[in-house]
Amino acid sequence: MSIKENLELINSKIEKACIKAGRSKDSVLLCAVSKFHPAQSVIEAMEAGQILFGENRVQEACQKFEEVRGTNPQAELHIIGQLQRNKVKHAVAVAQCIQSVDRIELLDEIEKQCAKIDKKIEVLFELHTGEESKSGFDSVDGMHEALKKCADGDYPHIIPRGFMTMAPNTDDELVVRKSFSTLRENSVYLQKEFPQFDLSQLSMGMSGDFEIAIEEGSTMVRVGTAIFGQRQY
Ligand SMILES: *Cc1c(COP(=O)(O)O)cnc(C)c1O
């Protein structure tokens, strides 16, 4: 199937999952994860109406999106992979959102680099809910501390927008569901603690589990393989 057909299929599955969960069909955004796929595939997806993309390696993202934006300047990019400090400068230059904020030190560096180029950037705080994944804050306390610093005015260039997680890679649906409901419960608590921010984004769900994620309250699913095919590493 073509990228266009895959996108149509995923969008209709998202819509069905929304209906099943009693949610409006535009309450879930699709982030098309284009890592390991060429700029041409991104351009093809854009021609089919997709605007938002996710990449997890900064260098690859910069090269690819320079080319993509030469064709279509509307492309929106989120960084979704674990971010090293020395990559932050390029990450904030190329992306509209960093979804994988997993430590205070990273916020310090994002603020520093954004201040230099006078850019405001959105961030999501990643929670570690799965044994397989290494990234993410280990607990709600770490995210609370990070948001407290935002609330104290430490990061004038950073706009907190919500939370992200990756479920464990397992067929056990209960375990996957638990990962998503944990993120949702933590987000409800943190939104109450920090009412001055709009923390409504819940980025959760990938090719294999996005329908479960939507049932559990996801507002953004990150789908790669089901749109672009298998990755050649
Ligand atoms: C690769 C990746 C995805 C997409 O995974 P698929 O299974 O290909 O849909 C989503 N989120 C993150 C953080 C990723 O690294």
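## Basis of the description

A residue is near a molecule or strand if one of its heavy atoms lies within 4 Å of it. This report concerns a predicted model, in which local features need pLDDT of at least 70 and side-chain atom pairs count only at pLDDT 80 or more, while totals for chains, interfaces and linings use all residues. Residues are numbered from 1 along each chain as its sequence is written, and side-chain values use heavy atoms, with hydrogens and water left out.

## The ligand and its surroundings

The residues around the ligand are Val33, Lys35, Asn56, Ile80, Met166, Met206, Ser207, Arg222, Val223, Gly224, Thr225 and Arg231. The space that the ligand takes is the largest pocket. A pocket is found on a 1 Å grid over the protein atoms alone, as an open set of points where a 1.4 Å probe fits, with protein on both sides within 12 Å along at least five of seven lines; a molecule sits in a pocket if more than half of its atoms lie within 2 Å of its grid points.

Polar contacts are pairs of N or O atoms within 3.5 Å; within protein, one atom must be able to donate a hydrogen and the other to accept it, and residues adjacent in sequence count only if both atoms are side-chain atoms. In the side chain of Ser207, an N or O atom is 2.5 Å from an oxygen atom of the ligand. Thr225 has a polar side-chain atom 2.5 Å from an oxygen atom of the ligand, and Gly224 has a backbone N or O atom 2.8 Å from an oxygen atom of the ligand. The protein buries 91% of the 390 Å² that the ligand exposes when taken alone; such accessible areas come from the Shrake-Rupley method with a 1.4 Å probe.

Helices (H or I, at least four residues) and strands (E, at least two) are DSSP runs, numbered from the N terminus. Helix H2 spans residues 39-47, and its residues Ala39, Ser41, Val42, Ile43, Ala45 and Met46 are buried. Buried means under 20% relative accessible area, exposed means over 50%, and partly exposed lies in between, with a 1.4 Å probe and protein chains only. The buried residues of H2 pack against helix H1 (3-20), strand E2 (52-55), helix H3 (58-71) and helix H9 (225-228).

Just after H2, Gly49 takes a positive phi of about 105 degrees. Phe36 lies in the loop between strand E1 (29-33) and H2. Although Phe36 is not a glycine, its phi is positive, at about 70 degrees. Phe36 counts as partly exposed because its relative accessibility is 26%.

Helix H5 (residues 104-117) contains Gln113, which counts as buried because its relative accessibility is 8%. The side chains of Gln113 and Glu109 are joined by a polar contact of 2.8 Å. Leaving aside residues up to four places away in sequence, Gln113 touches Val88, Lys89 and Val92; contact means heavy atoms within 4.5 Å.

The loop between H5 and strand E5 (121-126) holds Asp118. Asp118 is a residue other than glycine with a positive phi, near 50 degrees, and counts as exposed because its relative accessibility is 65%. Lys119 lies in the loop between H5 and E5 and is partly exposed at 22% relative accessibility. Not counting residues up to four places away in sequence, Lys119 touches Val92, Ala93, Ala95, Cys114 and His157.

Strand E6 (residues 158-164) includes Pro160, a buried residue with a relative accessible area of 4%. Apart from residues up to four places away in sequence, the contacts of Pro160 are Val123, Phe125, Leu147, Cys150, Phe197, Asp198 and Leu199.

Ser179 is placed in helix H7 (residues 173-193) and counts as buried because its relative accessible area is 2%. With residues up to four places away in sequence not counted, Ser179 touches Thr129, Thr165, Met166, Ala167 and Pro168. One of these, Met166, is also among the residues that surround the ligand.

Notes: On a 1 Å grid over the protein atoms alone, a cavity is a set of points where a 1.4 Å probe fits but cannot get out, and a pocket is an open set with protein on both sides within 12 Å along at least five of seven lines; lining residues have an atom within 4 Å of a point.
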